[in-house]
Amino acid sequence: MTAAGYEIAVFPGDGTGPEVVREGLKVLAALAEGGPAPWRTTEYPGGGQYYLRTGREWEPEGEAAAHRADAILLGAVGWPGATLPNGDLAGRALVLGLREGLDLFANVRPCRLYPGVRHRISGEYRTVWTPEHVDLTIVRENTEGLYTPARGRLRRGGETEVAVDTRVITRKGAERVIRYAFETARQRGRGAPEDGAKRVTCVDKANVLEGCRFFREIFEKVGAEYPGIEREYAYVDAFTQWLVRNPEHYDVVVATNMMGDIVTDLASVLQGGMGFASGGNIGTEHGMFEPVHGSAPKYAGKNQVNPFATFFAVEQMLRWLGNRRADAAVVAQADRLERAIALVLAAGGSGTYDQGGQTSTSAAGDRVAEAIRGLPR
Ligand code: IPM
Ligand code: MN
């Protein structure tokens, strides 16, 4: 933090990233109106499109800012054809690279269905779940598992014969993310919608995988320190059907990296789709917040995509920052943003194309900014 307030490093990234980040900055500016801004935002270039233009994923200034900043806001990275010479996603430095480099070990993805938001299955909008059914948080391990950079190819005579990815589960990695999940359950005001129970569900494949058996052992041990919180296990395959059938049963879910990646996309359907899904990449010293929908190249430049995931990412960021710095004013701004989002959603103001409407990205941002102005600072 400097005299000018908390420093927020912003990476709009690729595709629709810049469009949703623009709206995120709009609501941040609206929150700060009428007083000295408690934060200062600076944008830095980077990503796959930047790589195609310059041959670099990002600039040293951006990297330094990410390491120095009080919080990071990321749009999205990934662009068709933008790959590094080793086959990796160009732009990985901004997402996977920062998860590793800043040790952002917990990927925290809240999944809540707000009144006024529609969700669809089978291509139709349906009322299968109501907001009373969906309010859980998935905590995904974010630095190891199948994402561990212990992979490669065996090439013989110029031809690949074998490709290997190694899944690594460490005591340290498991312990800290599991503890984070129990702490999240402890701090969440409400438990599972079904019965109000505080519950952490360990999602794994311990009937087959050794790493998952180890993860469970650690889950048992850490969980025993939280007597008020129910411990539960679910094999990841069975979990996918239970999650869709009975989302109200879940409070906090913890999973290893790749499994968490998959089940969080599935869970987003419960909250209205990826257009509402935000994630916080959280470590001991740093936090990076993002809408998790990706760069959506097909929609880039059309001012059509849903910016609410970014609003929720901003809310998550302010809440994390305010709590971390014991800064009640910043937490209050997170609350204010959440109220504004809920008001706009309840009024049917999330009608971007993914909700079956025609509201543009920027119009949705205007509505939330207006709602913020209507709430006391
Ligand atoms: C996510 C994304 C990333 C991941 C990609 C972009 C590397 O899908 O944040 O969930 O796999 O973690
Ligand atoms: Mn993903």
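How many Å separate the centres of domain 1 and domain 2, taken over C-alpha atoms? The answer is 24 Å. Keep in mind that this is a predicted model.

Let me start with the domains. Domain 1 is made of two stretches, 1-104 and 277-377. Domain 2 covers 119-271. At the interface, 12 residues of domain 1 are in contact with 10 residues of domain 2. Together the two domains bury about 930 Å². Of that area, 41% lies on carbon and sulfur atoms.

Now to the helices. Two packed helices are described by the angle between their axes and the distance between the axes.

First pair: α1 and α11. Helix α11 spans residues 361-373. Its axis packs 9 Å from that of α1, at an angle of about 15°. Angles under 35 degrees count as roughly parallel, and α1 and α11 are therefore roughly parallel to each other. The crossing is right-handed. Who touches whom? From α1, the contact takes in E19, V20, E23, K26, V27, A30 and L31. From α11 come T361, S362, G365, D366, V368, A369, I372 and R373. By class, that contact has seven nonpolar, three polar and five charged residues.

Next pair: α1 and α10. Helix α1 runs over residues 17-32, and α10 over residues 328-346. Their axes come within 11 Å and cross at roughly 120°. So α1 and α10 are oblique to each other. Again, α1 passes α10 in a right-handed crossing. On the α1 side, look at V27, A30 and L31. They meet Q333, R336 and L337 of α10. Sorted by class, this contact of α1 with α10 holds four nonpolar residues, one polar and one charged.

Last pair: α10 and α11. Here the axes come within 8 Å, and the crossing angle is roughly 120°. That makes α10 and α11 oblique to each other. The handedness of this crossing is right-handed. R336, L337, A340, I341 and V344 supply the α10 side of the contact. R367, V368, A371, I372 and R373 supply the α11 side. The contact of α10 with α11 has seven nonpolar residues, three charged and no polar ones.

Now put the pairs side by side.

Key
Residues numbered from 1 in each chain as written. Chains lettered and ligands numbered in written order. Predicted model: local features only at pLDDT ≥ 70, side-chain atom pairs only at ≥ 80, totals over all residues. Heavy atoms only, no water. Axes fitted to C-alpha atoms, helices over the stretch in contact; angles between N-to-C directions. Helix = DSSP H or I, 4+ residues; strand = E, 2+ residues; numbered from the N terminus. Parallel < 35°, antiparallel > 145°, perpendicular 65-115°, else oblique. Left-handed = near helix turned anticlockwise from the far one by under 90°. Contact = heavy atoms within 4.5 Å. Nonpolar A, V, L, I, M, F, W, Y, C, P; charged D, E, K, R; others polar. Domains from an automatic or database assignment. Buried area = accessible area lost by both parts, 1.4 Å probe.
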